[in-house]
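Welcome! Let's walk through a few features of this structure together, one topic at a time.

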Amino acid sequence: MTQRYRPWQIALMFLVVAIAVYLVLPSDPGIHLGPVQREVKVVRGLDLQGGLRVLLEADLPPEIEVSAEQMQLARNIVENRVNALGVTEPVVQVAGSRRILVELPGVEDQQQAIDTVQETGLLEFVEIDVANPTLTLALQGEEIRTDWEYQQAGLPTPTPRPTNTATATADPSEPTPAATSGATPASDEGAPLLHTVMTGSALRSAQVSQDPTGELVVSFELTEEGSQIFGEYTTDNVGGFLAIVLDKQVISVPQITVPITSGNGSISGNFSLEEANQLAVQLRYGSLPVPLEVVEIKSVGPTLGQDSLQKSAVAGVVGLLVVMAFMALYYRLPGLLADAALLIYAVITFAVFKLIPVTLTLPGIAGFVLSIGVAVDANVLIFERLKEELRAGKSLTQAIDLGFSRAWPSIRDSNFSTLITCLILYWFGSTFGASIVQGFSLTLAIGVVVSLFTAITITRLFLHLTLDRIELSSHRRWFGL
Amino acid sequence: MLDIVGKRYWFFLLSLIIIIPGLVGLALWGLPLAIDFTGGSLLEVRFDAGQRPPSADIVELYRDLEVSDPLAQAAGDHDVVIRSRTIDEDQQAAILEAMEQRFSSQVEVLRFESVGPSVGAEVAERAAMAVGLATLGILGYITLAFRHVDHAFRYGVAAILAMLHDVAVVLGVEAFLGHFLGWEVDALFLTALLTVIGFSVHDSIVVFDRIRENDTVYRRLSYEKLVNHSIVQTLDRSINTQLTVALTLLALLLLGGVTTRHFVTILLIGVFSGTYSSIFNAAPLLVVWENKEWRNWFRRRSSASAA
């Protein structure tokens with residue numbers, strides 16, 4: 001009798017199974033191989049552990065194009081804010097062309113989280129000392145400190161300093177003298193504390209326009225309260241500088257050329273169209289390159305998540321056991337071997353889930369359980385052929401090989417069509433951030449691929465290993481013949 | 001040997017008996033769309049044991065807070081699911097506070113969803129595109145995989161027709177489920193539908209593969225006999241695979257959480273329909289096409305009405 005398998009095949013199978021078992025271990029040992037250091041663990045989706053999912057959309061009319069760079073920039077800014085929330089493993093990703101998906105597992109204070117994600121960034125108009133023009137120019141792009149937070153809290157500024165500028169502050173009752181970089185002693189952080197005249201909330205609108213000479217300017221309109229503060233301040237400080245500061249970063253330092261009392265003003269500065277646009281957008285929406293609005297909120301409480309996880313885990317195990325029992329009863333010995341292959345299948349698939357890692361959601365688990373059915377189908381196809389060949393009088397070894405080669409085209413073609421569907425589902429899910437749909441298609445696809453592998457390699461190897469030395473005629477009942 | 005192909009019109013009739021009432025239901029009631037497609041809010045809360053107020057009281061509370069279109073539904077032992085116009089998180093907080101006061105119970109939020117209408121419209125559009133693309137992809141793949149058989153294109157079309165059969169069954173059943181049980185079409189339903197499509201074609205291909213193989217072996221058999229032979233040969237496999245998938249789905253249905261119940265039910269119905277259509281519709285359709293039987297349909301009908 002010729003040997004239908006090679007020793008290296010057995011070794012390889014053991015190696016694959018050993019690696020898979022190691023990865024599946026609940027203690028999550030991770031991978032530590034020289035330069036490759038990785039944690040390996042199950043990532044649970046929001047529906048399984050509870051949390052908040054927010055879908056943000058560019059709040060612009062559909063005819064206005066939003067570039068991929070803008071969305072990416074907005075995503076990064078949102079991610080920075082989310083990181084400040086201290087959530088473990090948040091997900092922030094661009095979904096489709098105009099949406100950003102934010103997933104915050106285990107968030108307790110939903111309201112605070114949404115506010116943080118949605119906030120527009122703090123825009124401030126900050127007083128700059130007129131006596132120091134070189135410094136003003138150097139300020140552009142620099143990070144500075146302002147006394148806005150102190151004003152908000154109703155506290156006096158920490159370092160009292162001499163008043164050397166005429167002050168027309170937002171709140172005259174407060175002792176908030178303007179800072180002068182030269183004269184002020186360095187504060188604890190080394191940077192001078194500058195005075196905030198007003199914030200972005202005083203702005204009503206801003207857009208790019210042209211002044212009479214054809215130069216591009218950014219014109220803006222102020223609220224009533226804003227025009228009053230701004231009017232007073234600019235009247236007292238003609239010739240002075242005013243820094244426009246976004247999240248403590250100076251984005252522009254225009255000079256006050258005339259008092260602006262009407263509530264309408266403009267900023268000029270040899271802008272290119274792009275620069276002017278950017279400044280106008282920043283004035284309007286704060287730091288985000290595009291305004292974002294919340295279009296979808298989904299939150300799952302921790303109770304429901306825990307409940308779902310337990311139930312699906314039980315369902316998965318029961319499903320697997322029932323199928324294994326069915327296979328053993330119907331196909332006898334080959335069925336038992338397929339059961340062993342099925343267990344290996346489950347372990348390998350789960351190892352792949354942890355390795356990639358795939359975020360496990362409820363539909364994802366459903367996809368996994370369904371893929372068990374697919375894995376079994378491959379075995380069923382093979383065994384039905386095996387039986388047929390045995391009935392036709394072939395020897396066991398021949399029947400095994402024929403069973404595989406004859407069943408293969410149908411296994412291949414049927415699974416390919418499932419993979420095509422998975423691919424389309426995945427795309428469908430990705431365009432609007434429906435991670436549940438993506439999770440399902442991804443787990444199903446992985447399941448299909450792994451099942452192809454185990455059915456062809458492991459089941460076959462098992463069959464040859466155990467059956468090649470068996471005399472068929474004395475054991476026909478083992479095969480359900 | 002079982003003669004399945006010979007009784008093909010009986011099986012077509014059986015399919016129609018299932019599909020037509022479903023389509024009538026679909027036309028009469030439409031599909032109840034979830035907030036995934038229409039936009040709106042869903043709030044699921046849990047009350048203390050024995051403290052759950054009647055749904056009408058919750059609806060009234062919503063009205064008092066001027067949230068329009070509230071619809072409250074008891075779920076489980078202590079939970080209530082409330083659907084309404086889109087509310088934001090401030091309104092949600094206000095609702096929770098009012099509930100705790102009015103019904104003197106702790107109120108725990110199990111789930112909160114709020115979807116803007118624009119997303120919904122796009123989801124529906126994308127879903128239609130996904131179904132269309134899947135159809136084209138599968139048609140192309142089958143035509144390619146069966147290129148060595150005569151009329152490979154027919155196999156693709158037959159598989160797609162069987163698939164449409166399953167889509168019609170699922171949509172019809174969903175119309176009934178929606179009308180009588182209030183189950184809504186959401187993104188998960190779409191996922192289930194697309195999976196059914198995949199499985200339906202999967203099953204058809206297994207039968208077709210046998211025809212493809214037998215075609216080279218039994219050269220002298222008539223096409224009708226060849227197809228019937230292939231169906232019978234794959235019958236064990238079809239039933240067993242159907243059984244294993246049904247078993248796993250049943251486990252999910254009976255033991256899995258409420259969240260996936262609708263999803264799994266649709267899958268179960270769809271996968272069953274998929275197996276049926278691949279055996280009793282897809283393959284027999286090939287025979288109908290081979291014999292060009294539609295030329296006799298009119299005559300047969302007229303003789304039947306005369307009798």
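## A three-stranded sheet in chain A

In chain A, three strands make an open sheet in the order β11-β12-β15, with antiparallel pairing. Strands, and helices too, are DSSP runs numbered from the N terminus (strands are E runs of at least two residues, helices H or I runs of at least four). Two strands count as paired if DSSP finds at least two bridges between them. In general, strands of a sheet pair through backbone hydrogen bonds, either parallel or antiparallel.

Which strands sit at the edges? They are β11 (203-210) and β15 (264-268) of chain A, each pairing on one side only. On average, neighbouring strands of this sheet are turned by 25° against each other, direction ignored. β11(A) and β12 (residues 216-222) of chain A run antiparallel and are joined by seven bridges. Among these strands' residues, S209(A) has V217(A) of β12(A) as its bridge partner.

## How to read the model

This is a predicted model, where local features need pLDDT of at least 70 and side-chain atom pairs count only at pLDDT 80 or more, while totals for chains, interfaces and linings use all residues. Residues are numbered from 1 along each chain as its sequence is written, and chains are lettered from A and ligands numbered from 1 in the order in which they are written.

## Where the chains touch

The contact between the chains takes 56 residues from chain A and 55 residues from chain B. Two residues are in contact if their C-beta atoms, placed from the backbone, lie within 7 Å. On the side of chain A that touches chain B, α9(A) gives the largest share, 14 residues. By class, that side has 33 nonpolar, 15 polar and eight charged residues. Here Ala, Val, Leu, Ile, Met, Phe, Trp, Tyr, Cys and Pro count as nonpolar, Asp, Glu, Lys and Arg as charged, and the others, Gly among them, as polar.

## Two packed helices in chain B

Helices α1 (residues 8-29) and α9 (residues 261-291) of chain B pack at an angle of about 135°, with their axes 10 Å apart. Axes are lines fitted to C-alpha atoms, for helices over the stretch in contact, and angles run from 0 to 180 degrees between N-to-C directions. α1(B) and α9(B) are therefore oblique to each other. Angles under 35 degrees count as roughly parallel, over 145 as roughly antiparallel, 65 to 115 as roughly perpendicular and the rest as oblique.
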